[in-house]
Amino acid sequence: MFPLLPVILSLGVSAMDVQPAPYVDRIAAVVGERVILLSEVRNRAAMVARAQKLDLSQLTESVLHEVTERLVEEQLEQNEADKQKIAISPQDVEATLEQLAQANNASVPKFIEAAKGQGVSEPELREALRRQLLEAALLRTHTSQLQRIDEKDLRNRYEELKKSVKDPKDLRSFDELKPELFNQLMQERVAQLREDWLAQLRGRTFVEVRVGGSS
Amino acid sequence: MKRLPPLLLLMLTIVGCGRAAMPAPVTTLQVAHAHTPTLEERKAAACHAALAPQRGGLVASAEPPDEHRVVRGVQIRDAADRPVAEDLIPSLPVKAGDAWDASHGRDAARRIWSTGKYADVIIDSKPDGDGVAIVFRVAPARTVEHVFTVDASEDDVQSMRVREGATYAPVALYSAARAIEGSYHDRGYLDAKLEIGSAQVGEGRVDVCVAARTGPLVTIASIEFTGTTHEAELRNLLTSEDGKNAPGGILDRDGLDRDSLYMAAKLYDLGYVAQKLAYRTERRGDQLRVVFDVVEGGVYHIGKIELRGDLGAPKAAYERLITFKRGDVFNRSVVGADLDAIRALEKAAGRPDVEITPESNVDPDKRTIDVIVVLHDPHKTTPSAASPGAAAKLQIVEVVPGHGPQAKSGDRVTVHYKGTFPDGTVFDSSISRGQPFVFVLGGKAVIPGFDRGVAGMRVGGKRRVTIPPDLGYGDRGVPPTIPPKSTLIFELELLSVGPP
């Protein structure tokens with residue numbers, strides 16, 4: 001008996017269908033004129049794994065998909081920031097780091113140590129802060145689209161809250177809860193603004209994900 | 001990347017039908033030619049494959065070189081292992097003799113990608129003595145073999161610059177497709193969509209499909225107004241160029257935005273100081289209903305009228321130019337025209353630099369608006385009440401420098417602000433209202449100190465501005481909120497800068 005030799009090769013097979021030889025790095029995604037390298041996806045995935053005290057190989061496909069999608073979003077934002085000439089300086093990052101440390105009743109070195117304990121190195125922490133500040137700066141240019149929160153919105157939210165608690169008498173008064181309700185609504189509106197804006201960016205940018213999580 | 005084998009196939013008969021059957025022994029080699037797809041089959045392949053993300057799993061890669069290993073050589077090679085783009089190598093951040101650095105490797109890959117000549121870049125490495133040789137393997141940008149179209153016009157395809165024999169540039173194609181879609185939307189085809197598909201047909205060659213779907217022409221069924229007793233006057237301000245923004249015509253949002261401003265101005269001239277006006281569209285099938293929602297907010301009358309500041313002429317000369325009087329229905333155009341007359345007077349008196357700022361105190365309960373005309377001669381200094389004998393100056397502290405576009409006179413700027421007195425008491429804050437403040441810089445819409453405090457800021461920047469009384473609300477103040485002769489401190493954040 002001859003051994004089975006399943007060899008079928010044909011014209012027109014996409015290069016992506018052929019299992020590539022091992023390589024050091026390659027393009028994982030194209031976002032407009034820029035590319036994301038696979039090592040960046042792996043580094044971010046490794047950070048997520050460390051934070052969850054897992055090995056990289058233990059991460060699920062959906063987590064890897066989310067990591068890739070997040071990198072694509074960050075590149076979309078960076079492309080937009082470059083177009084609008086918006087940049088975040090190291091001094092801005094330092095000031096934010098100081099504020100965060102203070103909010104956690106810690107010094108900056110202690111805060112950085114704590115981040116390391118959660119698997120986030122200092123350069124990764126500073127880069128994460130830079131990205132957050134950049135996103136906030138970009139979103140601020142769209143705040144005119146934020147719907148104003150008025151008394152009616154706060155009352156409606158309060159009524160929803162009353163319905164969700166077992167005994168409405170346990171709920172604090174509307175006036176007492178007003179600042180919290182305002183913050184909650186504002187956060188939701190900012191999150192929605194962010195989602196809508198990212199969808200717009202994505203709609204007008206060529207995005208091709210080549211590797212890094214299945215669809 | 002591995003080179004695909006040549007044309008001839010080697011097909012070995014392997015497995016028969018059904019899982020239960022034992023595979024027949026292989027006794028012959030069968031040589032067959034591949035099926036050459038027809039043009040129709042190629043069109044189907046290209047037109048059904050969108051420029052959609054194609055995903056693979058997180059493919060295992062080789063172990064990257066140790067970051068202490070010395071790079072012994074850098075090459076760029078194609079799939080056939082031929083050296084290419086050797087002139088690019090010196091500009092790459094990965095250099096022979098340096099220690100390997102993964103981030104430099106990424107930057108180098110980006111640099112090669114940015115030439116636009118390659119469809120893929122892979123970083124490869126192999127040991128070289130005690131170091132490592134780095135090879136950037138590139139796949140050339142593909143060439144367009146054939147362009148198929150589905151309902152796309154010749155003009156659309158031409159404007160996308162996609163043609164047979166040209167380099168296949170998906171990023172540029174995508175941008176061009178979005179621009180063409182936009183032009184369809186501007187012509188009333190609000191559902192228009194341009195899809196680009198591609199299918200590889202050989203090494204380095206790709207068929208492209210441009211598929212257009214225009215959808216129906218969406219036209220305006222009606223333009224309506226709610227909440228106003230002045231519909232006829234507002235409707236009269238609707239402009240319709242080439243039939244746009246009229247029943248039976250197509251929607252032109254820029255035109256409606258412009259007309260909205262004129263409508264708001266009209267309402268101000270009718271005394272509706274607290275008015276709100278916005279339009280919305282409702283779609284049903286291929287028809288649109290445009291609705292202007294108006295909140296008039298009641299008619300306001302003129303309250304007190306005051307002249308203040310650096311009067312270069314006798315008061316009576318200015319009062320003769322003020323045609324509105326206490327009790328009149330507030331009319332913004334009339335107030336504006338009178339202020340222009342005062343400016344002309346100052347210019348004729350040889351004082352062209354005098355700033356004439358209208359301030360107002362609005363009483364929503366009484367529906368009155370006090371008009372205070374403040375003249376400020378920049379060539380004079382007014383002693384501050386806080387430090388008599390000393391010239392009070394505007395103080396600006398740059399708290400956070402912005403990095404975006406810079407605000408200049410004439411720009412429409414959006415800011416968040418918090419106003420406090422020197423003792424820290426807050427008298428006004430857009431932040432607590434959750435509503436940023438929009439105004440035209442240099443348009444005399446705000447107190448001079450606020451205007452000057454914002455001028456020159458960059459988007460994203462924050463300033464602390466201390467405004468002396470003469471650049472604020474002066475001797476009068478804004479009772480009961482702002483006492484007379486108040487120094488004001490504003491914390492400003494510039495959110496955006498746009499055209500007026």
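Tutor: We'll take a disulfide, a hairpin and a cavity in turn. This is a predicted model, where local features need pLDDT of at least 70, side-chain atom pairs count only at pLDDT 80 or more, and totals for chains, interfaces and linings use all residues. Residues are numbered from 1 along each chain as its sequence is written, chains are lettered from A and ligands numbered from 1 in the order in which they are written, and side-chain values use heavy atoms, with hydrogens and water left out.

Student: Which residues does the disulfide join?
Tutor: A disulfide is a pair of cysteine sulfur atoms within 2.5 Å. Here B:Cys47 is joined to B:Cys209, S to S 1.9 Å, and the link is right-handed, with 95° about the S-S bond. B:Cys47 lies in helix α1 and B:Cys209 in strand β8 of chain B, so the pair ties together parts 162 residues apart in sequence. (Helices, H or I, at least four residues, and strands, E, at least two, are DSSP runs numbered from the N terminus.)

Student: How do β1(A) and β2(A) run?
Tutor: Strands pair if DSSP finds at least two bridges between them. These two run antiparallel, joined by 4 bridges, and A:Val31 stands opposite A:Arg34. They form a hairpin with 2 residues between them, and A:Gly32 in the turn has a positive phi of about 60°.

Student: What about the lining of the largest cavity, by class?
Tutor: Nonpolar means Ala, Val, Leu, Ile, Met, Phe, Trp, Tyr, Cys and Pro; charged means Asp, Glu, Lys and Arg; the others, Gly among them, are polar. This lining has no nonpolar, 4 polar and 4 charged residues. A cavity is a set of points on a 1 Å grid over the protein atoms alone where a 1.4 Å probe fits but cannot get out, and lining residues have an atom within 4 Å of a point. Among the lining residues are B:Glu241 and B:Arg258.

Methods. 1 Å grid on protein atoms, 1.4 Å probe; cavity = no way out; pocket = protein on both sides within 12 Å on 5 of 7 lines; lining within 4 Å.
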